[in-house]
Amino acid sequence: MINSDWRQPAALAIPKEGYFELKQGRYGPTYPRTPACHGFTIIAKIKPGREEKIRAYGKTIEDAIGGSPDALAVLKLHYLRWVLFDIGKDTYFMYQGIFDTDFDKYSEDAVALFTMTGITTVFVNLEGFPEDWRTNAPAVIKFVREHQRPSFLEYGEYPYVSADEIKKALRLKAAFSEMLDQMQ
């Protein structure tokens, strides 16, 4: 039984497979919602000479959010973290995302978002990423699943809380603070 009391931090140890009970989603096993909500970590080798393109793409995302704060809203993200690191002579990319939707929906929404906006995805810089990604969501999801590294522990200081719930609470806090300021 999941303790849904957001006031109590929670941790969840996850089996090696990434799930407790095998349930099939549209594209493979579904991964459980954890105290950190849903998420994944993708680790893939980058194409030779693409490190600077990947770093520049980080600035592209920063600028997109600066110009339109809701640019990635459809993804229901809490956090993204991108890391480049070397193993031997090769450079790898690690994409960590924490979000509110399930694995398959997040992947489908990402393909739809980038196709709709015309912006490319950073994943085009990774070895094995499908060239026809804009029209072949199943191939993208296959790539993501093949490069997914399930976590074995997830922790939430405010467990099972959605990004929308957090934003709502912060809006309420701001309104309450403004009201108190008006009373002084």
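The model is predicted, and local features need pLDDT of at least 70, side-chain atom pairs count only at pLDDT 80 or more, while totals for chains, interfaces and linings use all residues. Residues are numbered from 1 along each chain as its sequence is written, and side-chain values use heavy atoms, with hydrogens and water left out.

**The chain**

The secondary structure of the chain comes to four helices and five strands, where helices (H or I, at least four residues) and strands (E, at least two) are DSSP runs numbered from the N terminus. Read from the N terminus on, these elements follow the order β-β-α-β-β-α-α-β-α. The C-alpha trace spans about 60 × 40 × 35 Å along its principal axes. Of the 184 residues in the chain, 36% are buried, where buried means under 20% relative accessible area, exposed over 50%, and partly exposed in between (1.4 Å probe, protein chains only).

**The cavity**

The structure holds one cavity of 30 Å³ or more; a cavity is a set of points, on a 1 Å grid over the protein atoms alone, where a 1.4 Å probe fits but cannot get out, and its lining residues have an atom within 4 Å of a point. About 240 Å³ of space lies in the largest cavity, a volume being the space filled by probe spheres set on the points, which are joined across faces, edges and corners. Its lining has 21 residues, and those closest to the centre are Tyr-95, Ala-110, Phe-114, Thr-121 and Phe-123.

H2 provides the largest share of the lining, five residues. By type, the lining residues divide into 19 nonpolar, two polar and no charged, where Ala, Val, Leu, Ile, Met, Phe, Trp, Tyr, Cys and Pro count as nonpolar, Asp, Glu, Lys and Arg as charged, and the others, Gly among them, as polar.

**Two leucines**

Leu-75 lies in the loop between H1 and S3, and Leu-75 counts as buried because its relative accessibility is 4%. The C-alpha atoms of Leu-75 and Gly-97 are separated by 10.0 Å, although these residues are 22 residues apart along the chain. Leu-180, in contrast, has its place in helix H4 (residues 163-183), and Leu-180 counts as partly exposed because its relative accessibility is 37%.

Technical notes:
1 Å grid on protein atoms, 1.4 Å probe; cavity = no way out; pocket = protein on both sides within 12 Å on 5 of 7 lines; lining within 4 Å.
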